[in-house]
Amino acid sequence: MELLIVDDDHNIRDMLGMVLEDAGHSVRVARDGLEAIAALEQSAPHCMVLDLMMPELDGHGVLRTMRERDLATDTRVLVLTCKLHAGEFIEAWQLGADEYVTKPVDPFALVEKLNALLSIPVAQLQREREAKLEKAVLLARLDSSFGKSPSWGSSIRSKL
């Protein structure tokens with residue numbers, strides 16, 4: 001399977017590239033969101049590992065551009081970031097992300113998560129994304145109603 005790794009940190013790109021190639025995947029890399037869009041216009045990968053925090057065009061911008069330009073509609077998207085706020089997860093799912101992993105990440109666990117993601121039909125992923133989004137929005141509202149911080153590291157993530 002062809003994967004696109006999008007991250008401004010060359011250490012993460014290199015490490016994930018090596019591990020994913022060792023797992024039998026073909027890997028392309030992009031250093032930022034603008035390179036990611038160019039790579040997606042060239043050819044759509046089976047899956048994209050997308051960092052959210054990048055210069056120029058961030059991960060949310062990549063997802064937004066993909067939707068606006070109807071790019072890589074069958075590409076599965078795994079968001080990889082250090083952000084833990086529920087709003088970041090919710091926005092990523094609204095824009096089309098299929099899975100969310102926080103840094104630091106065990107690269108071998110990421111390979112397992114990607115392989116599982118690649119085994120699920122796109123239509124099923126879309127249904128699951130909608131269900132996760134609906135549940136995350138409800139849980140974020142509940143947490144904020146009871147005066148809790150809507151941090152993703154708290155109760156919300158554990159309930160999804």
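Student: Does Asp-70 count as buried or exposed?

Tutor: Buried means under 20% relative accessible area, exposed over 50%, and partly exposed in between, with a 1.4 Å probe and protein chains only. Asp-70 counts as exposed because its relative accessibility is 58%. This is a predicted model, in which local features need pLDDT of at least 70 and side-chain atom pairs count only at pLDDT 80 or more, while totals for chains, interfaces and linings use all residues. Residues are numbered from 1 along each chain as its sequence is written, and side-chain values use heavy atoms, with hydrogens and water left out.

Student: Where is the place of Asp-70?

Tutor: Asp-70 sits in the loop between helix 3 and strand 4. Helices (H or I, at least four residues) and strands (E, at least two) are DSSP runs, numbered from the N terminus. The chain has 7 helices and 5 strands, and from the N terminus on they run β-α-β-α-β-α-β-α-β-α-α-α.

Student: What is the phi of Asp-70?

Tutor: Most residues other than glycine have a negative phi, and most peptide bonds are trans. Asp-70 is not a glycine, yet its phi is positive, at about 55 degrees. Glu-56 also has a positive phi, near 70 degrees. Glu-56 lies in the loop between strand 3 and helix 3 and counts as exposed, at 69% relative accessibility.

Student: Which residues does a cis peptide bond join?

Tutor: The cis bond joins Lys-103 and Pro-104, with omega about -5 degrees. Pro-104 belongs to the loop between strand 5 (99-102) and helix 5 (107-118).

Student: Which residues are in contact with Leu-4?

Tutor: Contact means heavy atoms within 4.5 Å. Setting aside neighbours within four places in sequence, the partners of Leu-4 include Arg-28, Val-29, Leu-40, Met-48 and Val-49. Leu-4 is found in strand 1 and counts as buried, at 0% relative accessibility. Its C-alpha atom is separated by 9.5 Å from that of Val-77, 73 residues apart along the chain. Among contacts in the chain between residues at least 6 apart in sequence, 64% join residues at least 24 apart.

Student: Is Arg-28 buried or exposed?

Tutor: Arg-28 is buried, because its relative accessible area is 17%. Arg-28 is part of strand 2 (residues 26-30). A polar contact is a pair of N or O atoms within 3.5 Å; within protein, one must be able to donate a hydrogen and the other to accept it, and residues adjacent in sequence count only if both atoms are side-chain atoms. The side chain of Arg-28 reaches the backbone oxygen of Ala-39 at 3.2 Å, and one of its polar atoms lies 2.7 Å from the backbone oxygen of Ser-43.

Student: Which backbone oxygen does the side chain of Thr-75 reach?

Tutor: The side chain of Thr-75 reaches that of Pro-45, at 2.6 Å. Thr-75 is found in the loop between helix 3 and strand 4 and is buried, with a relative accessible area of 7%. Beyond its neighbours within four places in sequence, the contacts of Thr-75 include His-46, Met-48 and Asp-98.

Student: What volume has the largest pocket?

Tutor: On a 1 Å grid over the protein atoms alone, a pocket is an open set of points where a 1.4 Å probe fits, with protein on both sides within 12 Å along at least five of seven lines; lining residues have an atom within 4 Å of a point. Grid points are joined across faces, edges and corners, and a volume is the space filled by probe spheres set on the points. The largest pocket has a volume of about 280 Å³. Of its 18 lining residues, Ala-72, Thr-73, Leu-95, Gly-96 and Arg-129 are the closest to its centre. Helix 6 gives the largest share of the lining, 4 residues.
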